[in-house]
Amino acid sequence: MKKEHVMLMLCTIVIAIPLVQSVSEGPKAVQTWFKQELPLKKQKVTNLHFYFHDALAGQGRTAYPVFQSNISFTSITGFGLGFMFDNPMTVGPDPLSRRIGRGQGIAGAAALEKPGFLMNLNFIFTQGRFNGSTLQILGTNPIQNQFREMSVVGGTGVFRLARGIATYRNETSSTIEYDIVVLHY
């Protein structure tokens, strides 16, 4: 491939990534939003429902162990074992259903007595009306409970100043169903 074609392709990618991945506004635009637009905005409630597909093994693996403690493999809870993940989010439980984004984050076994994880999730929307927006989720995942919940602690794009509750349950061992109620502007 010619050098000019490679440079043109790289420039196109660099320009296109912010348009696809996030709302790309500089500090001045965000300050203006806070000062001029926010006082006029009404708080909204949005209900979201989607599926998160976590593959711990195989060719399409999406989660990998990244740290462990001295007791991770002798503890009954795996205490200190941590994973990073980048999982597809879809509209249906089938992993091949329409993708709406990626769920990226970290989970660490943080309980000594019962299995449970400390989770930090970033839901990155890449399709549909929330394209370019994100939600940040933080909390405890007591994996033995059928239903669990974590806090929505922030967001970007459509979900600026987000807060709310993410309720979730395992549909299968690798598919998690999320229902999120989020307040935002």
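A: Two residues are in contact when heavy atoms lie within 4.5 Å. This model is predicted. By the contact rule, arginine 160 touches Glu25, Val30, Trp33, Gly155, His184 and Tyr185, with residues up to four places away in sequence left out.

Q: Why is arginine 160 called buried?
A: The cut-off for buried is under 20% relative accessible area. Arginine 160 has 14% relative accessibility, so it counts as buried. It lies in the loop between E7 and E8.

Q: How confident is the predictor, and where is the pLDDT below 50?
A: The mean pLDDT is 88, and 87% of residues reach 70 or more. The pLDDT is below 50 over residues 5–22. That stretch has nine contacts beyond near neighbours in sequence.

Q: Which elements does the protein contain, and in what order?
A: It has two helices and nine strands. From the N terminus they run α-α-β-β-β-β-β-β-β-β-β. Of the 185 residues, 37% count as buried.

Q: Why is strand E9 described as largely enclosed?
A: Seven of its ten residues, 175–184, are buried, so the rest of the structure largely encloses E9.

Q: How do you know that E9 pairs with E1 and with E8?
A: Pairing requires at least two bridges between the strands. E1 (residues 44–53) and E9 share ten bridges in the antiparallel sense. E8 (residues 163–170) and E9 have eight, and they run antiparallel as well. Both counts meet the requirement, so both are pairs. Valine 45 stands opposite leucine 183 in E9. Alanine 166 has isoleucine 180 of E9 as its bridge partner. E8 and E9 form a hairpin, with four residues between them.

Q: What makes E6 largely enclosed, and which strands does it pair with?
A: Six of the eight residues of E6 are buried, so it too is largely enclosed by the rest of the structure. E5 and E6 run antiparallel over eight bridges. Methionine 119 stands opposite glycine 139 in E6, and leucine 138 opposite serine 151 in E7. Six residues separate E6 from E7 in their hairpin.

Q: Which residues touch the most other members of the largest nonpolar core?
A: The core has 27 residues, and Phe50, Leu121, Phe123, Phe125, Leu135, Tyr178 and Ile180 touch the most other members. Several strands supply at least two residues each, including E1, E8 and E9. E5 gives the most, with five.

Q: Which residues is leucine 121 in contact with?
A: Setting aside neighbours within four places in sequence, they are Phe52, Phe85, Gln104, Leu135, Gln136, Ile137, Met150 and Tyr178.

Q: Why is the pair of phenylalanine 52 and phenylalanine 85 called edge-to-face?
A: Rings pair if their centres lie within 6.5 Å, and planes over 60 degrees apart count as edge-to-face. Here the centres are 5.8 Å apart and the planes are at 85°. Phenylalanine 52 is in E1 and phenylalanine 85 in E3, so the pair ties together parts 33 residues apart in sequence. Phenylalanine 52 is buried at 3% relative accessibility, and phenylalanine 85 at 9%.

Q: Why is the pair of tyrosine 168 and tyrosine 178 called stacked?
A: Stacked requires planes under 30 degrees apart. These planes are at 25° and the centres 5.2 Å apart, so the pair is stacked. Tyrosine 168 lies in E8 and tyrosine 178 in E9, so the pair links parts ten residues apart in sequence. Tyrosine 168 is buried at 2% relative accessibility, and tyrosine 178 is buried with a relative accessible area of 2%.

Q: How many aromatic pairs does the structure hold?
A: It holds twelve. One aromatic cluster is formed by Phe50, Phe52, Phe85, Phe123, Phe125, Phe130, Phe159, Tyr168 and Tyr178.

Methods. Residues numbered from 1 in each chain as written. Predicted model: local features only at pLDDT ≥ 70, side-chain atom pairs only at ≥ 80, totals over all residues. Heavy atoms only, no water. pLDDT = per-residue confidence, 0-100. Buried < 20%, exposed > 50% of the residue type's maximum accessible area, 1.4 Å probe, protein only. Core = buried A, V, L, I, M, F, W, Y, C linked by side-chain atoms within 4.5 Å. Phe/Tyr/Trp six-rings, centres within 6.5 Å; stacked < 30°, edge-to-face > 60°.
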